[in-house]
Amino acid sequence: MLEKNKRERIIALVNKEVVPAIGCTEPMAVALCTAQAATTLGKRPERIQVLLSPNMLKNAMGVGIPGTGMIGLPIAVSLGALIGKPEYELEVLKDLTPDSLEKGKQFIKNADINIKLKQGDVDKLYIEVSCYADDAQATAIISGSHTNFVYVERNGDVVFDKRDGAKGDEADDDILLNFPMVYEFATTAPLDEISFILKTKEYNMKAAEESIKGNYGHCLGKTMDRPLSHGIFGNNIFSHIISRTASACDARMGGAMIPVMSNSGSGNQGICATNPVVVYAMENENTEEEMIRALMLSHLTAIYIKQSLGKLSALCGCVVASTGSSCGITYLMGGDYTRICNSVKNMVANLTGMICDGAKPSCALKISSGVSTALLSSLLSMEGKCVTSAEGIVDDDVDKCIRNLTSIGADAMRTTDDMVLDIMTHK
């Protein structure tokens with residue numbers, strides 16, 4: 001068992017990275033930044049300028065905004081200015097009502113809202129919002145992570161400024177993980193210290209249940225539950241895992257006012273790290289302790305991979321979260337450390353290179369691909385089968401294998417990222 005100090009730091013990291021969020025985290029972060037700028041201004045803005053990094057713009061363009069029936073940034077900015085409360089963080093719009101929605105729509109027509117790319121070298125996650133009214137002006141900047149404010153000022157008077165440490169301030173105190181540490185913590189930490197991870201089950205399985213009541217996104221989750229799909233895929237653990245995972249994603253990307261528990265700034269990653277593990281544990285009749293440890297293993301694996309990949313990248317987040325859920329499922333199958341490592345290698349051999357082309361309803365399809373691969377990887381590892389270091393980018397050392405994955409996603413795919421954004425903005 002890890003010493004208490006290390007366990008406490010890992011718990012603090014998980015509590016920071018696994019948090020509730022309503023809607024896609026990118027437009028919600030923009031709404032949050034707008035809410036801070038408007039609150040600092042102290043009056044209703046007449047003009048709002050929003051400057052975003054390319055990755056932020058890519059991820060916020062095509063996703064539904066919860067409770068609005070609308071897509072994209074203008075309504076998120078409008079509502080952030082009118083009803084957003086900074087203290088709510090990624091649940092910034094949870095006070096939305098039909099009346100405030102109508103005011104938000106009217107505000108888009110009457111106010112001057114300008115959204116464009118931030119020029120220059122900035123963090124992949126960068127939001128700068130300036131609100132203007134009469135002769136007053138206020139600016140707020142988020143950088144590095146979705147709720148990390150690094151600069152706030154009003155009329156030239158700086159409220160605070162930590163831009164020099166924008167990339168490091170939040171991460172300086174975070175414990176740097178490796179896979180043996182992730183495994184040891186998840187499988188040996190006292191149960192009362194890690195049982196809080198069951199909150200992910202409560203939130204994300206409820207999101208799947210609520211999704212069935214509506215028609216969100218492409219309805220992939222509901223489609224998987226229909227007789228035709230059962231005839232093709234069966235009515236079994238496999239189809240149930242895909243259905244419950246895709247359903248929660250359908251609702252989230254389709255603009256449902258349903259909170260989910262996110263992971264590393266992504267609700268879809270939180271869903272993908274949670275629901276496959278929960279469904280497998282319930283249908284395989286694993287104990288609650290086994291479910292808790294599998295969920296912690298899944299979420300902490302995703303957090304570990306994100307430490308070197310970054311919050312936003314050209315690599316689809318389902319690759320990260322599905323790798324976590326594969327580890328959790330392998331553990332629930334009775335897999336030991338070696339087999340769990342083999343699951344990681346099988347995942348890296350298969351899904352590396354899946355692009356992120358923004359947050360949108362069809363993310364449910366990518367999540368389903370990731371979850372399917374997670375199950376295949378777990379089954380192969382339990383059969384003693386593993387992609388070897390003679391094949392592709394897989395390495396015998398699991399940590400090096402993960403670094404190979406993240407170096408491709410963070411560095412080698414930058415040109416891909418630019419091309420994806422260019423295509424998305426010129427259609």
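Reader: How much space lies in the second largest cavity?

Author: This is a predicted model, and a search of the whole structure, counting cavities of 30 Å³ or more, finds two of them. The space in the second largest cavity comes to about 40 Å³.

Reader: Which elements each supply at least two residues of its lining?

Author: The second largest cavity is lined by P54, N55, K58, D417, D418 and L421. By class, this lining has two nonpolar residues, one polar residue and three charged residues. The elements that each supply at least two residues of the lining are α3 (54–60) and α18 (414–425).

Reader: Turning to the largest cavity, which residues are the closest to its centre?

Author: The largest cavity holds about 310 Å³ of space. Its lining is made up of 28 residues, and those closest to the centre are N59, S266, Q269, G317 and C356.

Reader: Which element gives the largest share of the lining of the largest cavity?

Author: Two or more residues of this lining come from each of α2 (25–41), α11 (237–253), α12 (267–283), α14 (317–332) and α16 (363–382). The largest share amounts to three residues, and the element that gives it is α16.

Definitions and conventions: Residues are numbered from 1 along each chain as its sequence is written. This is a predicted model: local features need pLDDT of at least 70, side-chain atom pairs count only at pLDDT 80 or more; totals for chains, interfaces and linings use all residues. Side-chain values use heavy atoms; hydrogens and water are left out. On a 1 Å grid over the protein atoms alone, a cavity is a set of points where a 1.4 Å probe fits but cannot get out, and a pocket is an open set with protein on both sides within 12 Å along at least five of seven lines; lining residues have an atom within 4 Å of a point. Grid points are joined across faces, edges and corners, and a volume is the space filled by probe spheres set on the points. Helices (H or I, at least four residues) and strands (E, at least two) are DSSP runs, numbered from the N terminus. Ala, Val, Leu, Ile, Met, Phe, Trp, Tyr, Cys and Pro count as nonpolar, Asp, Glu, Lys and Arg as charged, and the others, Gly among them, as polar.
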